[in-house]
Amino acid sequence: MALENDPGLETIAVKIGRGVRGSYQGLAGTFASLAYSCLDKKAIPGFYEKGLIAEAQLTEGGMLLVLSGKRSESELIEIMDIAFENIGAFPGAQAGAKYIIDVKSKE
Amino acid sequence: MALKTSKEYLESVKKLSPRVYCGGKWVKGLLDNKITRSMVMANAAIYELAEDPKYKEIMVATSHLTGEPINRNLNVARNIHDLDMRQEMALLTSQTVGTCNYRCVGCDALNSLAATTWEMDRDLKTKYNERFNKWLAFAQANDLAVSGAITDAKGDRKKRPSQQDEPDTFIHLVEKRDDGIVVRGIKVSQSGAIGSHETLVLPGGALREGEEAFALAFAVQNGSPGLTYICQYNAYSAEREFCEEEAEIGNPVFGQRETSTMVFDNVFIPWERVFLCGETKYCGRMVTRFAKAHRMNCGGACKVGFADLVIGGTVLAAEYTGVDKVPHIQEKIIDMVRLSETSHACAIAAAMRGREEPKGSGVFLPDDLFGNAAKLNIAHGFWEIIKNAGDIGGGLVVTMPRLKDLEDPEVGPMLKKAFTAAAPADKRLKVAKFLQHWAAGLHGTGTWHGAGAPQTQRFMISVLTDFDAKKKMAKKLMGMKEE
């Protein structure tokens, strides 16, 4: 049985500062997993220290995620990279992103 | 990418940070902890087998969804040959790592899901099979390590899931949302879940009307917030953790079977990963189909691979002590082979007599009677095999000093004097340590309970065997008239 035209995947772009710094592809529902994690559990997948999320809220096209402390752009990218790997999404093409996550450092 | 290399798997594990507790501490990196590393290295070795052209027929299959080459651990059996290669994979992986192929339960779980979700869609007009196929294609495309979680904590066995004082003893539904479900509960004895990318969670048994909250099947990502893994810990764990050199251990690189208790504390599962939610009628079938596949593979092939290693070690022990030509030793070794090979024969028969189930699904499952016979046979046989290993290996198997003591300037010469026989002391002690891993280790009880304790196989055999037909043929031969 071949899969239908829709392979059921989802692309999520990560915006840091002024531009998109990476994008991840996972099974559809990946954004919902991340959103539940950040909004309901106040946790980033793969990280267990409390208070890492200073603010998280859904936006029109995705989510605003503010991390506590002063963090460099590369540190933010690294955190998101680990977060996505831990919920089964992997670096992929930037085109066609369904959601954008705007990641910021609090300070 | 359809096939991950061993190196790529290890790289992927470095990025995983599941919440793992092992021996009194939280594990920061799966590869940095000696105990969890042994599990990951075993999985890496399974990936490596698929890279070897020599094992391509066994380890690599063709996806029925995409036509791409995939690791057989992610394959849905579509014919007899697939079933046969599946059990051969179980044999090969056990012979190679001497511990669990940690992708094995996931493989049998996904075959059960392929059959049962197809059946549910046919009967109930649900979309579970479509979802499952999308998940499977994703897992295949990324060659994910998928483990399987079946056994609930269960609580008081006299009570049904909904009657338990502690509801978390069974995985259950907390909330249904537009985008997914929230689950909580506990699964126990989960082989290799810590180093897998995902785990397939199935109901632990048949459920009745009114128990809809416990009727769940889904795939969960390893690092999902709310999920905690508490690793087993025993004398062998402590030995690995505190030894000077892992080379001293019975199975130095891959270790004992590493399991964990998986605690789900309100874990979110998006609908795209939910393959059964509330349909109690199908839980029994789902578990039975899993067991059908797993008893052939676990009982008739995996443990046979272990037995091959034990037999190999035992023959070496006999040679090293100079008793290999003694008739009763040879007889005991032949008995070990008999016990092992009859189980493998049952697995081969289970594959050869496999059939499409349900009809029209395209999914092939092994013959139930032969699969159960394979498992029941090895459950008893494996104790006999390790008993003979201890018998022939001698008391040294449990009384030996530390291997490293041979290097001590003071006691080393004494030990060499004591333990040199038909072979040098270091060889004798090395093989004694190897046999200790089996004869005094975790595999006896593990083999007994893995794929279900023997009482479950006895029950299945009693259901599957046509005793009336047997009585009838006996009566006919005796000339006894039918009443």
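1. A word on contacts to begin with: two residues are in contact if their C-beta atoms, placed from the backbone, lie within 7 Å. By that rule, and leaving aside residues up to four places away in sequence, L110(B) touches L74(B), V76(B), L136(B), V146(B) and L200(B).

2. Please keep in mind that this is a predicted model, in which local features need pLDDT of at least 70 and side-chain atom pairs count only at pLDDT 80 or more, while totals for chains, interfaces and linings use all residues. Residues are numbered from 1 along each chain as its sequence is written, and chains are lettered from A in the order in which they are written.

3. Chain B has an open sheet of six strands with mixed pairing, in the order β2-β1-β10-β11-β7-β6. β2 (25-27) and β6 (172-176) of chain B are at the edges with a single partner strand each, so one side of each has no neighbour in the sheet. On average, neighbouring strands are turned by 20 degrees against each other, direction ignored. Strands here are DSSP runs (E, at least two residues; helices are H or I, at least four), and two strands pair if DSSP finds at least two bridges between them.

4. Within that sheet, β7 (residues 180-191) and β11 (residues 259-270) of chain B run antiparallel and are joined by nine bridges. V182(B) has F268(B) of β11(B) opposite.

5. For the interface, 24 residues of chain A are in contact with 28 residues of chain B. On the chain A side, α1 (30-40) and α2 (73-86) each supply at least two residues, and α1(A) gives the most, with four. That side divides into 15 nonpolar, seven polar and two charged residues (Ala, Val, Leu, Ile, Met, Phe, Trp, Tyr, Cys and Pro count as nonpolar, Asp, Glu, Lys and Arg as charged, and the others, Gly among them, as polar).

Notes
Axes are lines fitted to C-alpha atoms, for helices over the stretch in contact, and angles run from 0 to 180 degrees between N-to-C directions.
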